[in-house]
Amino acid sequence: NRQGFGLWEHQKYFIDHAFADHKKPQGARYILADEVGLGKTVQLAVSAELMALYGGKPILVIVPKTLLGQWQAELRDLLGIPSAVWNGKAWVDENDIVYDLAITKCPRKIGIVSQGIINNASDVCMKLKEDLLCNYYECVIVDEAHRARRKNLSDKKLRQSPDMNNLYAFLMKISCK
């Protein structure tokens, strides 16, 4: 990582802590929020790789569409970790090889999908979301998770149950997977 300089201490700490808690019977849930450029993607990727190797189930990474390529490039170039990106119809691995497989059959341990699929209410996207919910995951990573919001934010509605947007509702469902 960091062009051969290794991990920073804060990155090592997070990876060690997240992986240790992941191995506990109840697992772990974390929110990682930090300044731009301090290596959140690397911390999450190394943690996810350790979890996948330890447990054997796949890793699902949900990111804004604009970050699909960045995530795959950082996994490949900084860490040598293979991954596949769902392009809407098929999986594309780190070598640009296309796999005409279902969204549930990622050819790599780490599959990266766009938040756009989750946010979209079209019939095609609804089916893809249902398919994703059929799998169990070692870890689910959500980049830009602040986009999971409630719709009823007015002062009069703050004490009501949240009216979740599509991403929020999906994350509530997949969290038990």
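Leaving aside neighbours within four places in sequence, Q72 is in contact (heavy atoms within 4.5 Å) with S83, A84, V85, V92, D93, E94 and I112. The structure is a predicted model, in which local features need pLDDT of at least 70 and side-chain atom pairs count only at pLDDT 80 or more, whereas totals for chains, interfaces and linings use all residues. Residues are numbered from 1 along each chain as its sequence is written, and side-chain values use heavy atoms, with hydrogens and water left out.

Q72 belongs to helix 3 (residues 68-79); helices (H or I, at least four residues) and strands (E, at least two) are DSSP runs numbered from the N terminus. With a relative accessible area of 9%, Q72 is buried, the classes being buried under 20%, exposed over 50% and partly exposed in between (1.4 Å probe, protein chains only). The side chain of Q72 also reaches the backbone oxygen of D93 at 3.4 Å, and D93 is among the residues in contact with Q72.

In the protein chain as a whole, six helices and six strands are present, arranged along the sequence as α-α-β-α-β-β-β-β-α-α-β-α. The radius of gyration, taken over C-alpha atoms, is 17 Å, close to the 16 Å given by the globule rule for 177 residues, so the protein chain is as compact as a globular protein of that length. That rule is 2.2 Å times the number of residues to the power 0.38. The C-alpha trace spans about 50 × 40 × 30 Å along its principal axes. Of the 177 residues, 38% are buried. Among contacts between residues at least 6 apart in sequence, 61% join residues at least 24 apart.

The C-alpha atoms of A20 and S47 are 9.9 Å apart in space, and the two residues are separated by 27 residues in sequence.

Technical notes
Polar contact = N/O pair within 3.5 Å; in protein donor to acceptor, adjacent residues only side chain to side chain.
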